[in-house]
Amino acid sequence: MRKFQVIGYPIEHSLSPWIHGQFMDKVNIEGEYTKNKIKPDHLKEEFLQMQKEGVEGFNVTLPHKQAILPLLDELDDTAGKMGAVNTVAYKEGKWIGYNTDGIGYLRSLEQAYPELFAKKDEIKTLILGAGGAARAIFYALYKNGFASIDLANRTLQTAKQITGLADRNVGNTLTLSSAEQSIAAYDLIIQTTSVGMVPNDELSIIDISNVKKTAVVSDIVYQPMETKLLHDAKEAGAKIHFGYTMLLYQAQAAFEIWTGIRPEIGDMNQQLKQMLEG
Ligand code: ATR
C-alpha cells in the first residue's frame with residue numbers, strides 16, 4: 001500500500017485526493033492519498049511523523065509552499081527558481097522538492113490549443129499579474145521556448161523580478177493600462193491574478209474588448225468558471241481557455257514524479273468541471 005498526501009491549512013476543499021484516487025485506479029496502483037491538515041507552526045514535527053508513517057510523496061499547498069524548503073534535502077531547478085514547492089518525493093534516501101504548477105498549466109494549454117505550441121517562436125504572449133502563479137507560468141513558457149513573453153502588473157518592480165528569471169531577453173514589463181492599450185498585439189493572454197474571482201466576479205483586470213479574434217485568452221480563476229475577462233474575450237470573438245484544467249495536469253506531473261507513470265486525463269476534465277460548478 002503506497003502512501004501519498006496533500007498537506008495544507010485549510011485543506012478540507014482540496015480536490016487532490018479525488019484526482020490522485022482516479023489516477024491510481026487508472027494505472028492499477030494500490031495506494032492511498034489523504035489530506036493532512038497541518039498548522040503553520042507544526043510543519044517540522046508533522047513532516048517527521050509523515051516520514052515515520054511511510055509517506056513517500058506529497059503535495060504542498062498554502063501556507064507551506066515556501067516553509068517546506070529548509071526541511072528538504074534537494075530542490076529541482078524549477079522549484080529553486082520558484083522558491084516554492086508543490087510536490088515532494090522521497091528518492092534514494094533524499095526528500096526532493098518540485099514545482100509542477102508551471103508544467104501543469106503548460107500541458108493544459110497544449111491540450112486545448114496545440115497550435116500555439118507549433119508557433120511558439122512567432123506568437124506574442126502577455127501574462128497579467130506577477131504573483132506565484134505568474135512566476136510559474138512565465139518560467140514554464142520560457143523554458144519551453146516561447147519566444148516573446150511580456151508581463152504586465154500593477155507593481156512593475158515585481159514583474160521585473162519574474163522576467164529576470166530568463167537569461168535571454170524574452171519580453172518587456174508593462175503597466176496594466178499600457179497592456180490594455182496594446183492588447184491587440186497579443187496572440188496569447190494569460191490572466192494569473194485573483195481579480196474576477198467570486199465574490200468580485202463583476203471585475204476584470206483590464207478591458208479586453210480590443211483583443212485579436214485569433215487570440216487565445218486564458219484565466220486561471222475558476223470561480224466562476226467563465227470570468228468576466230473570458231466572457232468579454234469571447235464576445236470580442238477570441239478563443240478562451242479555462243485555467244481549472246491546470247489542476248489536473250499539475251497533479252499528473254506530480255504523480256509521474258512519484259510513480260514514473262503518466263496517467264491519461266481522459267474525461268476527468270469534464271468531471272472536474274461538474275464538481276467545481278457544484
Ligand atoms: P499568487 O501567489 O497566488 O499568484 P499573489 O502573490 O498574491 O498570488 O499575487 C497576486 C497578483 O495579483 C499580483 O500580481 C498582484 O499585483 P501586485 O504585484 O501589484 O500586488 C495582483 N493583484 C491582486 N489584486 C489586484 C488588483 N485588485 N488589481 C490588479 N492586480 C492585482
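This is a predicted model: local features need pLDDT of at least 70, side-chain atom pairs count only at pLDDT 80 or more; totals for chains, interfaces and linings use all residues.

Residues are numbered from 1 along each chain as its sequence is written, and side-chain values use heavy atoms, with hydrogens and water left out.

**The mixed sheet**

Six strands make an open sheet with mixed pairing, in the order S2-S1-S3-S5-S6-S4. Strand S2 (31-37) and strand S4 (74-75) are its edge strands, each pairing on one side only. Helices (H or I, at least four residues) and strands (E, at least two) are DSSP runs, numbered from the N terminus. Two strands pair if DSSP finds at least two bridges between them.

Strand S1 (residues 2-8) runs parallel to S3, with five bridges joining them. Here valine 6 has asparagine 59 of S3 as its bridge partner. Strand S3 (residues 55-60) is also joined to strand S5 (residues 87-91), by three bridges, and this pair runs antiparallel. Phenylalanine 58 is bridged to valine 88 in S5. Glycine 57 is bridged to alanine 89 in S5. Five of the six residues of S3 are buried, so the strand is mostly covered. Buried means under 20% relative accessible area, exposed over 50%, and partly exposed in between (1.4 Å probe, protein chains only).

Serine 16 links to this part of the model. It belongs to helix H1 (residues 16-26). Serine 16 counts as buried because its relative accessibility is 13%. Beyond its neighbours within four places in sequence, serine 16 is in contact (heavy atoms within 4.5 Å) with Val6 and Tyr33.

**The parallel sheet**

The other open sheet also has six strands, with parallel pairing and the order S9-S8-S7-S10-S11-S12. Strand S9 (173-174) and strand S12 (239-242) stand at the edges; each has a single partner strand, so one side of each lacks a neighbour in the sheet.

| Strand pair | Bridges | Residue pair |
|---|---|---|
| S7 (residues 124-128) and S10 | Four | Threonine 125 and leucine 188 |
| S10 and S11 (residues 216-219) | Four | Isoleucine 189 and valine 217 |
| S8 and S9 | Two | Leucine 151 and threonine 173 |

Which way do the residues of strand S10 (residues 188-191) point? Leu188 and Ile190 point one way, Ile189 and Gln191 the other way, and all are buried.

Aspartate 150 lies in strand S8 (residues 148-152). Aspartate 150 counts as buried because its relative accessibility is 5%. Its side chain makes a polar contact with the side chain of tyrosine 186, at 2.6 Å. A polar contact is a pair of N or O atoms within 3.5 Å; within protein, one must be able to donate a hydrogen and the other to accept it, and residues adjacent in sequence count only if both atoms are side-chain atoms. Not counting residues up to four places away in sequence, aspartate 150 touches residues including Lys124, Thr125, Asn172 and Tyr186.

Leucine 109 is part of helix H4 (residues 101-112). Leucine 109 is buried because its relative accessible area is 0%. Leaving out residues up to four places away in sequence, leucine 109 touches Leu116, Phe117, Leu188 and His241. Leu188 belongs to S10.

**The ligand site**

The ligand is surrounded by 13 residues (a heavy atom within 4 Å), and the closest are Ala130, Gly132, Asn153, Arg154 and Thr155. This shell divides into five nonpolar, seven polar and one charged. Ala, Val, Leu, Ile, Met, Phe, Trp, Tyr, Cys and Pro count as nonpolar, Asp, Glu, Lys and Arg as charged, and the others, Gly among them, as polar.

Which atoms lie by the oxygen atoms of the ligand? A backbone N or O atom of alanine 130 lies 2.7 Å from a ligand oxygen atom. For a backbone N or O atom of alanine 133, the distance to a ligand oxygen atom is 3.2 Å. In threonine 155, a side-chain N or O atom is 2.4 Å from an oxygen atom of the ligand. Taken alone, the ligand exposes 640 Å², and the protein buries 57% of that. Accessible areas come from the Shrake-Rupley method with a 1.4 Å probe; for residues, only the protein chains shown count as cover.
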